[in-house]
Amino acid sequence: MRLLQSLVLPLCLTLILCSSSVNSASCPTLGITSYVLVYFSSDCQPDGFTSMLEVFANLTAECDENFKHELHFGFKQIYGSTRDSLYNDIQEWKNSETDEVGTLLNDSKATPSDALASLKAIKNLIDSNNRDPPAAVKKKTLTIVSDFIDKELFETVNNLTGHNIQLFVLTNWEKLDETMTEFKNVNLLMSTENENLFCKDIPYELHTSHKSARANINIYLSESSDLSKSAENVAGILQGDLCTLPNSTKVMSEYAKVYHGEDSIFLPWVQEQTSPFAKHCVSNLPKPRTKTRASRSAACGQNEPFYNNLYKDLTIPSQLPTYNVFIGEDVPDCLISMISTVTQCPTCTNIFLDVLIDGSYLNSLTVYSHVFKPLSNTNIFSPHRDNHVTTNTKDLTVCRAMLPAKPLHEMKPYTPPKSLSRALERFFLIILIATTSVTATGAFFYRKLYTKRMELLEEMRELALQPGAFKKAKECPKVARLPWEIKSDRIHLDHEFPLGEGTISVVYLGKLKGKSPIMQWIDRVEMKQFQDCAVAVRVPRRFDEMEEQQLLREINSMKVLKHHTYINVLLGWTSKDNLVCTVLELTHTNLTKYLAQLRDGVSSSETALTASLIPYRHFLQINWQICEAMVYITSKGLVHRDMAARNILLTTGLRVKVSGFGFCSEATDPAFAPGAPTINSLPVRWIAPEAMEGRFSESSDVWSFGIMLDEMYSLGEKPYGEMVPEEFVQAIKCGERLRKPEFASEEMYSIMVRCWHKYPERRPRFTELQERFHSMIEHYHDNPAFELSDS
């Protein structure tokens, strides 16, 4: 129902846009700061209140980057949120036990004077952000969410002015009257057609209070330069230690100037946002207009605006150091022609010139002969001063006190040797290469034949010492040489002591003699407990290709995971009666059996079923330990795919040991690709909807974890009861979810519902769930029924 509302309500609402003035010569804004004024009538109901807020959350969620919302409810409450979390915050308000929605709705039922006062306060915040970096370069959106039209408020909106502002009003379409046409500055837009306007950049406007302090940086981008690469270079230049303004806490409007064709633009100083904003600005510069051959020829003269400005910057003396940078992708013939006409300027000692050429198009000899050498012969470009020509844009020299490389003027052109010396050089080179090739090839084949001969001799010695080796039972050829094998004579299996039994395997108590194979992969002290110890041996009823693949996935998972406190260890495998048996770390019980014991105890109680008989604190500790293990598994790039109560083993102290790694592998494992037969072997009652289509991730494991929580708080009831798979799969796709278990609190059920969100990216991560359970443990009071008596 919630998803249906989010799809239908936008069709019944109108978005009204008030645009600020546009300066076509300015840069686009970078990022969004959102302010929201929530203003409702006295007869508004909670459902309509939350529905409009959900529509606003869905509209703004379409933006690519995350940003902050500041919501003003009337003139009282101010609430902070983000694009990614606003929808979830609204759901928490709706599920709050303290009637959070009612409180916020009452605060939103403000008087017209309170609404105007809130609007004025938000306008003051926007003006303050426009004056202070780094928020100055962001677009400020002011959205009024209301269920009615207040004429006085709209007159104020119509006359609202400011810098970098976009104003949106979200209200009911049916209540708009014809008087709206009086507001010439207000544009009516259908939300379904223009919702992306909220996410688009607008032209950046400088505040009137910005200081005009310059750092004397002039950057010239040739018409042939790639703007994306040039944007990276400009951002790197402005990070130079000689050009930054570390002591400036205000926006400096004319920090640097960029020329591109006939266009020029000033870049402001906005502290740590200076380089990102410059990169964003340059990459969005308009492409220069296509010129005719005659106009391109005339562009090399000083009368052309681009080179005319560069000529002035190189010849007018300056008291402060002035850095001029030319960026291009080819030999700058026009630049060289212009600089050759510059006369000597003795007082221009503080003026520097750097030429950046894309080295992927030209080699060093071409750059030296056609760029550096002609420039070094001019009056203004002296290689002995702080002037540079470079083709490595990663090691910039502009505004740097320390240079990463030697000056280019020390390089000399390559002089080819005479014909005789060249012939002798090539002759000896061919002899050297031929001798090396023959020697290396002979050594390779000799080593290969020698190694094969030694292996044959070793096999013959073993056969001579063990003449009866051919009489042994034939082992499985696909796994006989796996390094995780435990010889069958080292495992004693107690068939009279089964630990558990399923449809495809039986688990017996066993005894291991000697070291387990896992010890060769993990060299830690605590691994000594897996030597000469009791173990659990899982014996399959049959061994086919599917069982073999599950074993290989378990082995590969253990190689990656190694050892973790809350993960059950695979010790190795052994062969019994031509069946490959898995040898596991021995535990006391599993979560399914533990829940069954609790249900038997509750059912046998003389009183009615009551929550006082449930060890909730133990449940929270078990959940926290499972999340700890899943965080570790996810950090190693693996997906479990079989998270269920049966695979949660418990020690005598109720410590968790996550097991069941037969389906665990990378998310992109081709064995679980869409349509693969392995997917049909997965437990359909526990897997996420997208996992049924072959899309696995941490979010699909979170869904299974939510199903496991339902098992826990229902004391072991089977998920979806007696429904056949076709029925509950269709129900899930239609948006239905499991009901709240009998022994789950509202808070715990809200966690389950978040784990079952339709969209995987909106489900919580295991790190978030772990922090949530830790907080619940700290604030939980122990159940008196499970406290130890002092006696």
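Modeller: Cys 27 and Cys 281 form a disulfide with 1.8 Å between their sulfur atoms; a disulfide here is a pair of cysteine sulfur atoms within 2.5 Å. This is a predicted model, in which local features need pLDDT of at least 70 and side-chain atom pairs count only at pLDDT 80 or more, while totals for chains, interfaces and linings use all residues. Residues are numbered from 1 along each chain as its sequence is written, and side-chain values use heavy atoms, with hydrogens and water left out.

The link of Cys 27 and Cys 281 is left-handed, with -55° about the S-S bond. The pair joins distant parts of the chain, 254 residues apart: Cys 27 lies in the loop between β1 (13-19) and β2 (32-39), and Cys 281 in helix α9 (residues 274-283). Helices (H or I, at least four residues) and strands (E, at least two) are DSSP runs, numbered from the N terminus. Both Cys 27 and Cys 281 are buried. Buried means under 20% relative accessible area, exposed over 50%, and partly exposed in between (1.4 Å probe, protein chains only).

A search of the whole structure finds 2 disulfides. Cys 63 and Cys 199 also form one, their sulfur atoms 2.0 Å apart. That link of Cys 63 and Cys 199 is left-handed too, with -85° about the S-S bond. Its ends are 136 residues apart, Cys 63 in the loop between α2 (46-60) and β3 (68-73) and Cys 199 in the loop between α7 (191-194) and β8 (217-221). Cys 63 has a relative accessible area of 6% and is therefore buried, whereas Cys 199, at 23%, counts as partly exposed.

Cys 533 is at 11% relative accessibility, so this residue counts as buried. Cys 755 is in no disulfide; the nearest cysteine sulfur, that of Cys 627, is 8.1 Å away. Cys 755 counts as buried because its relative accessibility is 0%.

Next, the sheet. Five strands form an open sheet in the order β14-β15-β16-β18-β17, with antiparallel pairing; two strands pair if DSSP finds at least two bridges between them. β14 (491-501) and β17 (570-576) are the edge strands, each pairing on one side only. On average, neighbouring strands of this sheet are turned by 35° against each other, direction ignored. β17 and β18 run antiparallel and are joined by 6 bridges. Lys 576 has Leu 579 in β18 as its bridge partner. Helix α15 (residues 545-561) packs on the sheet and touches β16 (534-540), β17 and β18, its direction making about 150° with that of β17. Contact means heavy atoms within 4.5 Å. Axes are lines fitted to C-alpha atoms, for helices over the stretch in contact, and angles run from 0 to 180 degrees between N-to-C directions.

His 588 sits in the loop between β18 (579-585) and β19 (589-590). With 58% relative accessibility, His 588 counts as exposed. Leaving out residues up to four places away in sequence, His 588 touches Leu 650, Thr 651 and Thr 652.

Finally, helix α16 (residues 591-603) and helix α17 (residues 616-635) pack at an angle of about 170°, their axes 14 Å apart. The contact involves Leu 591, Tyr 594, Leu 595 and Leu 598 of α16 with His 618, Phe 619 and Ile 622 of α17.
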